[in-house]
Amino acid sequence: MTAALAAMLAGGTVRGQMARQDSLMREQADAFLRAMPAGLQCRQASAVAKAMAGDCSDLEAVRSSRDRFPEISPEVRVRDLSSDLRLYEPAGADGRRLPLLIYFHGGGWTFGSINSCGRFCDAMAATGGMKVLAVNYRLAPEYPYPYGYLDCVASVKYAFSHARELGIDTCQVSLGGDSSGGNLAIATALDSACTGKIVSLVLFYPVTKAFADHSPSWKAFGKGYGLDATLMERFNQAYAPRIPSGIPQIDVGLLPACELERLPRTLFVAAGRDILRDQGEEFCQRLAAGKILRAEFPEAVHLFITVPGQEAAFRMSVDMASRFLVEGESCD
């Protein structure tokens, strides 16, 4: 572990080094929010509700609008291993076993794909230090919990069983995800089939409680900040069998501290103007300070990983995540 990263981990929260970025992030986030089509999240919430009632036509339209093949950097090579697994790797990686980041996209467990998270996966592979495996998991409400979760666990098993052909170092396999994908990453890391195999987590504004927590951030940013409370509640209802679920793989923030201690070293990146901010901060406070690095972008809003428009937050996330992941050491 580098001295710089060790110092950040010891501090628990990264703020000082990002202070100069706050004004730019505020400007970009506000422009991003102004550019969002009026009523978009209301329509998305309605589409999820209709799908839960048996009519998936509107939700399929939402899914299609976000399912566009990403632009690939010249430094990156892409291999579709199946319809549900895509490997992003540095173009010059032939013959080298590299660390692997297995990435689960966001989208409230109801939309999103290996395409919607493609810009981030491409950017991480373009650093040259790792390969990235993007995962399509089954979506709610057609496939509520546990289907998506089981698909994520299966992707980890696939990576380890195909390590040689993928050219990865099995001692440096990490999980990552944004929003609902971050929730899945936490749950997957704690699965008995994965415990001890995952060296680190990279989480972006993950869901840790799949219910309305009525925290100050939930109340302050419940409308007009990238993720509306009404939409989040529809997501929760589509994925969970009941609210609150009472299922530890869904409401990961309610797990006992002794269970959370089984998580590997974790980078947790939060948006300051986000309904999920407070539940995420509470989650981080329950982990040992030396194990988790929490970075908050105070002026950013939800979605900066998967939806273009908040370039400063996106680029800083790529930089922080890539530096965090390369701290692992091979066991060979």
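This is a predicted model: local features need pLDDT of at least 70, side-chain atom pairs count only at pLDDT 80 or more; totals for chains, interfaces and linings use all residues.
1. **Leu303.** Leu303 is found in the loop between strand E9 and helix H13, the latter covering residues 311-325. Its backbone deserves attention, as the phi of Leu303 is near 90°, a positive value in a residue that is not glycine. The relative accessible area of Leu303 is 16%, and the residue is therefore buried, the cut-off being under 20%.

2. **Ser179.** A positive phi also occurs at Ser179, with a value of about 55°, although Ser179 is not a glycine. Ser179 sits in the loop between strand E6 (168-178) and helix H8. With 7% relative accessibility, Ser179 counts as buried.

3. **Overall composition and dimensions.** The chain contains 13 helices and 9 strands. Its radius of gyration is 18 Å, close to the 20 Å that the globule rule gives for 332 residues, so the chain is as compact as a globular protein of that length. The C-alpha trace spans about 50 × 45 × 40 Å along its principal axes.

4. Of the 332 residues, 58% count as buried. Among contacts with a separation of 6 or more, 79% are made by residues 24 or more positions apart. As to charge, the chain carries 34 positive and 37 negative charges, whose mean positions are 1 Å apart.

5. **Nonpolar cores.** The largest nonpolar core has 66 residues, and those with the most contacts inside it are Ile102, Phe104, Leu175, Met232 and Leu263. Helix H10 provides the largest share of this core, namely 6 residues. Another core, of 36 residues, lies apart from it and includes Cys121, Leu267, Val269 and Ile305.

6. **Contacts of Met232.** Which residues does Met232 touch, not counting those up to four places away in sequence? Leaving those neighbours aside, Met232 is in contact with Trp109, Val207, Trp218, Leu227, Ile275 and Leu276.

7. **Helix H8.** How many of the 10 residues of H8 are buried? The count is 10 of the 10, so this helix is largely enclosed by the rest of the structure. The buried residues of H8 include the glycines Gly181 and Gly182, as well as Ser180, Asn183 and Thr188; Leu184, Ala185, Ile186, Ala187 and Ala189 are also among them. These buried residues pack against the strands E4, E6 and E7 and the helices H6, H10 and H12.

8. **Helix H5.** The buried positions are Gly118, Phe120, Cys121, Asp122, Ala123, Met124 and Ala125. The elements covering them include strand E2 (76-80), strand E3 (85-90), strand E4 (98-104), E5, strand E7 (198-204) and H13. Just after H5, Gly128 takes a positive phi of about 85°.

9. **Helix H12.** Helix H12 comprises residues 277-285, and its residues Asp278, Gln279, Gly280, Phe283 and Cys284 are buried. The cover over the buried residues of H12 includes helix H8 (180-189), helix H9 (216-220), H11, strand E8 (265-273) and strand E9 (292-301).

10. The peptide bond from Tyr145 to Pro146 is cis, with omega near 15°. Pro146 is placed in the loop between strand E5 (131-135) and helix H6 (147-161).

11. Where is the place of Pro244 in the chain? Pro244 belongs to the loop between helix H10 (229-239) and helix H11 (257-260). When residues up to four places away in sequence are not counted, Pro244 touches Phe211 and Asp251. The C-alpha atoms of Pro244 and Lys209 are separated by 8.3 Å, and these two residues are 35 residues apart along the chain.

How values were computed
Residues are numbered from 1 along each chain as its sequence is written. Side-chain values use heavy atoms; hydrogens and water are left out. Helices (H or I, at least four residues) and strands (E, at least two) are DSSP runs, numbered from the N terminus. Contact means heavy atoms within 4.5 Å. A nonpolar core is a set of buried Ala, Val, Leu, Ile, Met, Phe, Trp, Tyr and Cys residues joined through side-chain atoms within 4.5 Å. Buried means under 20% relative accessible area, exposed over 50%, partly exposed in between (1.4 Å probe, protein chains only). The radius of gyration is taken over C-alpha atoms; the globule rule is 2.2 Å times the number of residues to the power 0.38. Lys and Arg count as positive and Asp and Glu as negative; His and the chain ends are not counted. The place of a charge is taken as NZ of Lys, CZ of Arg, CG of Asp or CD of Glu.
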